[in-house]
Every structure is written in structure tokens, then in C-alpha cells.
Amino acid sequence: MSLAVTLTHRFADAELDIAFEAGPGITALFGRSGAGKTTVIQTVAGLFQPQTARVAIGGDILLDTAMRTCIPPHKRRFGTVFQDARLFPHLTVAQNLDFGARYAPNGPVVLRDDVIGLLGLSGLLNRAPATLSGGESQRVALGRALLSRPRMLLMDEPLASLDDPRKQEILPYLEGLRDGSLRLPILYVSHAVDEVARLADTLVLLQGGRVAAQGPLFDVMSDPAAVPLLGVREAGAVIEAEVIHHADDGLSTLRLSAGTLELPGVRAALGTRVRLRVLAQDVILSKHRPEGLSSVNVLPVTIDAVHPGDGPGAAIALRAGSDRLLARVTARAVSEMSLIPGTACFAILKATTVAPGSIGR
Amino acid sequence: MVTPDAAAWDALRLSLWVAVWATTLAVPLALWVAWLLARRDFRGKALLNAAVHLPLVLPPVVTGYLLLLTFSPAAPLGRALEATIGLTLAFRWTGAVLAAIVMGFPLMVRAIRMAIEAVDPRIEDAAATLGAPRYAVFSRVTLPLILPGILAGSVMGFAKAMGEFGATITFVANIPGQTQTLPLAIWTALQIPGGEGQAAFMAGLSCLVALGAVLLSEWLARRVAARIAGA
């Protein structure tokens, strides 16, 4: 089941022309504020009608301005979690959850107890929304949306109003949704690269009301052309690695296709696969195998592409076995080291590049 | 010490009767009009708004006179009501109810409209995305949230109905036991030499009813607010 969206709309100060598809798993819509992300979510949910638009999911047409078709929001079955939780203030947490279930269509039931367990809501059931913290409110909003048995979950910056500890509290639940038995497709709007890197399977980059890039997360994140879209400091490849050893000194060994990395703060169990985010600005290239370095993380790589930036920098796409990395170096280094596609060299990653919060799964 | 005569109690009974009827009938209509004014855009919205508020600014005597012109048995509408459903308004307690509704309506609409405007429409949007049809969004989300406003509007409408004088006496005259509400009875007592004691007694009754209504609505509003705050 895949969601297909096309829309064009002219606001007083902006113009949107967006087309994308969201398949199974988590599709992230990433862009700065004003890029059109929220308009997309509102259009899919049925809360906004652009001048021309078509929204279809698995053959069901929900909105087609050309055919004058518009299914009202309550018949679309898109559970939506907004940035502000929008809980019903006059109902308790339990009643908020039941509101979601009340209008759910018949069919395989999403069990209330399962959702309460998955989201850790059992202690909150009799509380009023006004007494909940931001993170608790978002968990309740998520549970309420799940119990409405949506065919897809829409999330509009669900973590943006939360501080970092609260974000870390919610993220595992979202990962649980992605990997768990529900297998619910999610359209996830965010302007935070770390959330996207941790959660998304597919990434759609929006810029100035247009789709600047879209594709599988690992591809888009390791595409040098995406560096300016993600921001020079935030750009960097996402790779998957298997945890193979936890040492006594706090470092863990992770296996990639082309070697191993030693990283601190990895809490995942042995044998599990985790996502690593390697910021492009934290990768150093060397033409020779470096020795006598304080960093132990060195991978043999081949240069795939060199992408000069607007300024003094250049983004370099690297291949390490079957994994792809991204490095950001100066344009001067590119010419002095004659870094051209096909060149074999070594990538040095600082072990601290992957913050504990950026390790997922 | 004044010994109140039966007329005072009759007037009180009639006033309460008229006020309860007027409030009961006006609340649903006021709720609908307030919702239209708060949440809908349509042609003639400004006109509707003006029409609702007109009794607030017109001299009550003029409102009563207009009601008489419209609903007297001689007028087409008055005749039609009498012929079809047997409802006579002029010079009957039913007319006093109508006068009280018309005069209290702007106060009710105002209170309820403010309550509706205070409800975040995005919460209603959230309810819709959960699959709730529009009527369910209203009855399960909007209505409970505006309940304090409806209570406040009802109390104001009730108080207005208890105190309405000018439109009532113009429309339905001052017939003891039939259309002589408490304010009319007080005014009548004051016209009679030596009626001051009687007037003062009825004025006291008026004050008690008004005070009771305000206290009751405060108590109800606090209970609703406490429920929303989860206390």
C-alpha cells in the first residue's frame, strides 16, 4: 500500500509544487520551515485543500481536484499526531484513547492493552491532559491515533516541541512502531536531521515548496548533492552495522561490510543491527593507511564522486565495501591530493562522531 | 412588617414560569446562531449579527411594539399561528415568553459565541482525523468545552427574562395572573398609594432569585472547569 501525493498551491508569499510517494515503513518529509511540509500533511489528512491536488492510497482516491473528489477527513483514516498533542482537555487519558477507538472501522482490532503497553501509558490512564508533560502528551496522542486503526500514521513534527530527554523518551516507541508487529506506514514530517536519520526508511527532501530529492534514506543521506539541503553541519551518511562485541572499557565493536568500528555508548544487544550516522564533516581522508593516530576507526574506501560546493568545501561520496559514506573536505585538499573518482584511500572517523542518541534500533 | 398578598406570589410564580420557558427555548437556538456566527462564513452574516443584537440597542418599548405589530391576532403571522397551531401570543403569558426570549437572546448568543471562539479548532480537526463525523465532533468535543459558556449565557438569559419590563408590558400588557410578571407587579404596586411595602417585598424576592441564579451558575461552571482541569 503506497501513498501518492501531488499538489500545487500558491500562497501569498510562497508557491508549492510537490509530488512524492510514500511506501511501507517510515517516509520522512524533511525541510526547513516554510518548505511546505505541514501543508502536505494537512492536505493528506483532509484538513486543507490546495488549488490542485491528488491524494491516493492503494488505489483509493481521497482527493482529486480535477475530478472534484474530496473525501472528508473523518473518512480518510489517517491517524494524525500533531506537534501540539491536541488531546481533548475535558477527557481523561483513558477517554482520549477510547475516542480514537470509538470510530475505528471493523476488522482486526488494535488491542487497547497492547497500545497502552507499547507506549507505557498504564500509569497515566486516569490523568487529565493538562497534568501531563509534553512527552507524555505526545505518547497519548500517538496511542489515540493508533487505536483509531489508521491505514497510515501522519506525524507533523511530533517531537519538535520537546526537549532532548523527552525526545529520547519517545523515539524508541516510534522505532517500535516501525519494526514491531503493527507494520504501520508512517509519513513523518521533521526539520531535525537526527530524527530523520534514526527513523526514516524513505526520505523526501523539500526545499522552497519543491521536492529537491527523494529516495531510500541510505541513498539520499549519502548523496553529495543533498549536503546543501541538509545543511553542511548536519549532512552525513547513515549506515547499518552489527554489534559484535562489548568491551569492558565501554567501547563496543560494530561490523560494517568493509571493517569494524569501535564506538562508545552502544547499548544495543550483541548481534543486533544498529544505525550509525557519520557526519560528513567528521570524516578525514588519507591517501595512506594512517598510523599513530588517537582514532582507531579507519576504513578503506574508494571515492565514488566529488561534488564541489558553493564555498571552499567539497562533498565526496565514498564507498566502503557495500556501505556508502560522505566526507566533506576543502576544495584545496581535493586538488592537492588529486581526489578523483576511483581513488582508493582511507577514511578516519572519530569514535565520538556517533552520539549515543543517534544510535538506533 | 408587611404581609405579602397572594398577588406577589402569583407574580413570582409567573415570572419563574416565563423565565424557565424562555431560557429552555432560547438556548438551543442561541447555540445554533452563536455557532453560525463563530464558525461559519456565509452571505448575510453581518445582517444576522445585527438582527440578533438589535434588541440590545432598541428601546424595549419599541421591541415590544414591533412584536405586537407582528404577532397580534390582527397581523398575518399572529393570525396564522393561531389558526395552525392554536398559539396566541399577544396579551398571554406565551407572549411574555417570546418577549423574554427576544430580549435575552443577544446576551445568550454573545456568551456562547465567545465560548465557541475560545475552542481551538485544531482540537476539532484532531477529532475529525480520528474518524469522528462532524456531528460527533460537535457533541463530544465542542459542546463539552463550551458548557461553561452555555451556562453563563443561560443564567444571563434567565436573569433578563426575570427582569424584562418594557417589551413585555408593551406586547402583552399587565394582566394579573396572566402577564403580570414580577417587575410589572412591582411597578403596579408603586402606582398604588401605600403599595411601597408590597413593592419592597417583591423587590427582595427579585434580588433573591437573581442571587440564587448567579450562585448556581458559578457552582456549575466551577464543576465543569474542575472536570476539564482534571481535579
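Chain A contains nine helices and 20 strands, where helices (H or I, at least four residues) and strands (E, at least two) are DSSP runs numbered from the N terminus. This is a predicted model, in which local features need pLDDT of at least 70, side-chain atom pairs count only at pLDDT 80 or more, and totals for chains, interfaces and linings use all residues. Residues are numbered from 1 along each chain as its sequence is written, and chains are lettered from A and ligands numbered from 1 in the order in which they are written.

**Overall dimensions**
- A compact globule of 361 residues would have a radius of gyration near 21 Å, and the 22 Å of chain A agrees with this; the radius is taken over C-alpha atoms, and the globule rule is 2.2 Å times the number of residues to the power 0.38.
- The C-alpha trace of chain A spans about 65 × 50 × 35 Å along its principal axes.

**Helix α1**
- In α1(A), residues 37-45, seven of the nine residues are buried, that is, 20 or more other C-beta atoms, placed from the backbone, lie within 10 Å of their own.
- Among them are A:Val40, A:Ile41 and A:Val44.
- A:Gly46 follows α1(A) and has a positive phi, near 95°.

**Five-stranded sheet**
- An open, antiparallel sheet of chain A has the strand order β16-β20-β17-β18-β19; strands pair if DSSP finds at least two bridges between them.
- Strands β16 (283-286) and β19 (323-330) of chain A are at the edges with a single partner strand each, so one side of each has no neighbour in the sheet.
- Antiparallel strands β17 (residues 297-308) and β20 (residues 344-349) of chain A are joined by six bridges, and A:Asn297 has A:Leu349 as its bridge partner in β20(A).

Technical notes
A residue is buried if 20 or more other C-beta atoms lie within 10 Å of its own, exposed if 12 or fewer, and partly exposed in between; C-beta atoms are placed from the backbone.
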